[in-house]
Amino acid sequence: MTLNDSSERSTARAEILRRVAGHAPVDGVHDTPLDGVQLFRVSAPVDRVPGVYNPSVCIIVDGSKHAYHDGQTYTYDPDRYLCATMPTPVEAEIPHATSGEPVLGILIDLETRTMAELMIQYRAASPQPPNSTDTTTGLTVAAWDQRFETALLRALELLDEPPALDVLGHGRLRELLYAIVEGPAG
């Protein structure tokens, strides 16, 4: 990676963080106009609690989160996202969060019409299956790559442009989902 690549990456990450923070100004989960996409903010630690992760991608843009399943710990943060490919019982925690340093993230539901359409087209167009995820647990942590980061920023940019969101939202979400399918969590 060149210095310029690193600088562009830092700029993109900072912009992603700024947009999530702006659209999730208070604690809780915030719906967006993008199909199956929610933003969240947590300003206090969350003790380890049981739950079920539905098929989804959880992207932490500031802070970190841990999920525990079958004796394994899955840590995701601004460098790694978590992909759950099937309903999976987990215990999850947010060990560090304050009002000054909240955990900010994005949750993308994988059980949407957009994802179903994408997978049908992907399977028809690609002779190779996507990268394999651990099918025994249904969970994987994947490193952000350039395609994923760019697609994520392009989708989030639309949240501040309602006319563009109406016209481009579906396509940008498909671009992001495609980056996930083609990336390390595929």
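A search of the whole structure finds 2 aromatic pairs, a pair being two rings of Phe, Tyr or Trp (its six-membered ring) with centres within 6.5 Å, stacked if the planes are under 30 degrees apart, edge-to-face if over 60 and tilted for the rest. This is a predicted model, in which local features need pLDDT of at least 70 and side-chain atom pairs count only at pLDDT 80 or more, while totals for chains, interfaces and linings use all residues. Residues are numbered from 1 along each chain as its sequence is written, and side-chain values use heavy atoms, with hydrogens and water left out.

| Pair | Centre to centre | Angle between planes | Class |
|---|---|---|---|
| Tyrosine 81 and phenylalanine 148 | 4.4 Å | 15° | stacked |
| Tryptophan 144 and phenylalanine 148 | 5.2 Å | 75° | edge-to-face |

Tyr81, Trp144 and Phe148 form one aromatic cluster. Tyrosine 81 is buried, that is, under 20% relative accessible area with a 1.4 Å probe and protein chains only, and the relative accessible area is 5% for tryptophan 144 and 1% for phenylalanine 148.

Elsewhere, the charged end of arginine 48 sits over the ring of tyrosine 68, 3.7 Å from its centre, where the criterion is CZ of Arg or NZ of Lys within 6 Å of the ring centre and within 35 degrees of the ring normal.

Conventions. Buried < 20%, exposed > 50% of the residue type's maximum accessible area, 1.4 Å probe, protein only.
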